[in-house]
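Hi,

Here is the structure I promised to pass on to you. Have a look at it first, and then read on for what turned up in it.

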Amino acid sequence: MATLRPNPLPLDVRLMTLVTRVLVVMFVVLCSALLVTWLVQHPVWSVRAITVQGDVAHQNAVSFRAQLATQMKTRLTGSFLTVDLGQVRDLFEGVPWVRKAVVQREFPNRLRVTIEEHEAVAWWGQSGSGQLVNQQGEVFDASPDDGDGLPELAGPAEQSDLVWALYQTLAAEFARLQLGLERLELSERGGWQARLDSGAVIELGRGTPDELMERTRRFTATLGQLTERYAGAVQSADLRYPNGYALRMRGVTTVTDAPAGTTHTPR
């Protein structure tokens, strides 16, 4: 008994069926995309508020609004779900005194920005230059309300952290003698120079921080004896000698052939 097999569909019918299926799938995908886009852009997902928290001693909601309102409108696009948090972060970190900003979404339509401000510890360059150094040794642009008591640091900008680290160590050493370190500078050639609050200039020379501290401690260990012996205030000191240092004091002269007012202290 013979088995009857259905005749295959004509090629044109099969092609039409395939095309229909493809079109249906594309239609479903397109409708889904349109629905998602509509939902994402729906006003319910608009960013309604930005909350700022954290260390904001130099900024507040009013100042942030004044500085960022226009930029937020022109540069930030999208809804709560699509807004670029990196762009928001960059805008806040561009505000003076802001060191770091962390931006988070808060459902359903709020952004939270946590601020870390710079803590100024010194001027970079000259006092009043508009550039400051923070606790991390980073240089930033700002103008403090009262910068009169800040020391001055100077040198290549990429080595600001090194200058700040050495300043802290040197300042602690001079403080033992009730001397304040007013300025520390690193030259392009690697030489270090310090200025005390008395006006005395100290040439530290080149070297590693440990070598510089060894010279400084050698100087401070005998400075008290010298100031007791000579009543004049220290004008300058050169610590670059291998076995001692040269000292210039106001009103003090020597009977040697050295320049007037200069004494050499052996190690």
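This is a predicted model: local features need pLDDT of at least 70, side-chain atom pairs count only at pLDDT 80 or more; totals for chains, interfaces and linings use all residues.

How far apart are the end C-alpha atoms of α5? They are 30 Å apart, which agrees with the 30 Å that its 21 residues should span at 1.5 Å a residue.

Now zoom out for a moment. The protein chain has five helices and 13 strands, and 33% of its 267 residues are buried. Take the contacts in the chain with a separation of 6 or more: 43% of them are between residues 24 or more positions apart.

Next, the inside. In soluble globular proteins, nonpolar side chains tend to be buried together. Here the largest nonpolar core has 32 residues, and Leu153, Leu184, Leu204 and Phe219 touch the most other members. Elements that each supply at least two residues of this core include α4, α5, β8 and β10. The largest share, seven residues, comes from α4.

Which residues does leucine 204 contact, leaving aside its neighbours within four places in sequence? Among them are Leu170, Leu184, Trp192, Leu212 and Thr216. Apart from this core lies another one, of 14 residues, and Val88 and Leu91 are among its members.

Those two residues take us to helix α3 (residues 85-93), where Val88, Leu91 and Phe92 are the buried residues. They cover an arc of only 95° around the axis, which puts them on the same side of α3. An α-helix has 3.6 residues a turn, so residues three or four places apart point the same way. At the start of α3, a side-chain oxygen of aspartate 84 comes to within 2.9 Å of the backbone nitrogen of glycine 86.

One last stop is serine 63, in helix α2 (residues 61-75). Is serine 63 buried or exposed? Its relative accessibility is 19%, so serine 63 counts as buried, since the cut-off is under 20%. Its side chain also makes a polar contact of 2.8 Å with the side chain of glutamine 59.

Enjoy looking around!

Definitions and conventions:
Residues are numbered from 1 along each chain as its sequence is written. Side-chain values use heavy atoms; hydrogens and water are left out. Buried means under 20% relative accessible area, exposed over 50%, partly exposed in between (1.4 Å probe, protein chains only). Helices (H or I, at least four residues) and strands (E, at least two) are DSSP runs, numbered from the N terminus. The arc is that of the directions from the helix axis to the C-beta atoms. A polar contact is a pair of N or O atoms within 3.5 Å; within protein, one must be able to donate a hydrogen and the other to accept it, and residues adjacent in sequence count only if both atoms are side-chain atoms. A nonpolar core is a set of buried Ala, Val, Leu, Ile, Met, Phe, Trp, Tyr and Cys residues joined through side-chain atoms within 4.5 Å. Contact means heavy atoms within 4.5 Å. The expected span of a helix is 1.5 Å times one less than its number of residues.
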